[in-house]
Each structure stands twice: as structure tokens, then as C-alpha cells.
Amino acid sequence: MKRLPDSELEIMMIIWELNKPVTRFEIEAEMGEERRLTPTTILTFLARLQEKGFLAVEKVGKNNLYSPLIDKEVYMQKENKNILQRLYSNSAKNFLAALYDGENLTKEDLKELEGRGAAGIFEQFDPGERR
């Protein structure tokens, strides 16, 4: 599965969020005011996503309906693995340490991660330091 450029990922995120077959008009309506794309640009991204195997297209009347062929969770898991490999030498410990050192994790974040089986990773941190 190929990694999507940000613009195509933005379109896929909208489709996944809507959780139903969607038209170009629905995608356009969901885009924020600061990120308005022309209809032809959206159609170009949709065509690319179809070519890459991310979308199925069904003609209904005058409109095309776009449905995801790849689950969001499957894509995100693959993308997370890529980030972990490329930026953190395939080490969850290095990744979490970078987040912690950057003070991006709250106590609640750490508890949630520990609840997901990452408890051993946090042994290097002083519990008194946690926010």
C-alpha cells in the first residue's frame, strides 16, 4: 500500500469520516474554508485515489459515488509503522521518549498508553515528572 500525499490523505480522511459513499459535492462541503479546492482539483485527487486502489467509484445518475476500499485503521496502522521505522529506528521507546521530552504527553496520555500495553516503555521516566 502506497503512502498518500497530504492532499489525497485529506480527501480520504473526509470520506472515512463520512462513513458512507460520497459525492464530490459532499467532500467539497466538508472541506474547511481555509482549504477550499476547485472541483476539478478534487476530481483529480479522487481519480488518483481510485487508480491507487483506495476508492471504488459507482455512477448513480449524473453523480459519481466514492467509497473507500481501504479501511482507515488499516491505513493508519501502516502509516504509523512507516513513521516509526523512518524517524525512530523502529523503536516505540524512542518515539514515546521524543513525545515525552517534547512535553506533548499529559498524565492522561501516559495512562492511556500504559493501558494499551506500553507500560514497560515508561519505566525510564520518573513518575514524579509526569504531568
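Biologist: Which residues of α3 are buried?

Modeller: Keep in mind that this is a predicted model. Buried here means under 20% relative accessible area. In α3, the residues that count as buried are I42, F45, L46 and L49.

Biologist: Why do the buried residues of α3 line one face of the helix?

Modeller: An α-helix has 3.6 residues a turn, so residues three or four places apart point the same way. Look down the axis of α3 and its buried residues line one face, because they fall within an arc of 100°.

Biologist: Which exposed residues does the face of α3 turned away from its buried side carry?

Modeller: To count as exposed, a residue has to be over 50% relative accessible area. On the face of α3 turned away from the buried side, the exposed residues are T40 and E51.

Biologist: At what angle do the axes of α1 and α3 cross?

Modeller: The two axes come within 10 Å. Angles of 65 to 115 degrees count as roughly perpendicular, and α1 is roughly perpendicular to α3 because their axes cross at roughly 85°.

Biologist: And which residues make that contact?

Modeller: The residues in this contact divide into seven nonpolar, one polar and two charged. From α1 come S7, E8, I11, M12 and I15, and from α3 come I42, F45, L46, R48 and L49.

Definitions and conventions. Residues numbered from 1 in each chain as written. Predicted model: local features only at pLDDT ≥ 70, side-chain atom pairs only at ≥ 80, totals over all residues. Heavy atoms only, no water. Buried < 20%, exposed > 50% of the residue type's maximum accessible area, 1.4 Å probe, protein only. Helix = DSSP H or I, 4+ residues; strand = E, 2+ residues; numbered from the N terminus. Arc of directions from axis to C-beta. Axes fitted to C-alpha atoms, helices over the stretch in contact; angles between N-to-C directions. Parallel < 35°, antiparallel > 145°, perpendicular 65-115°, else oblique. Contact = heavy atoms within 4.5 Å. Nonpolar A, V, L, I, M, F, W, Y, C, P; charged D, E, K, R; others polar.
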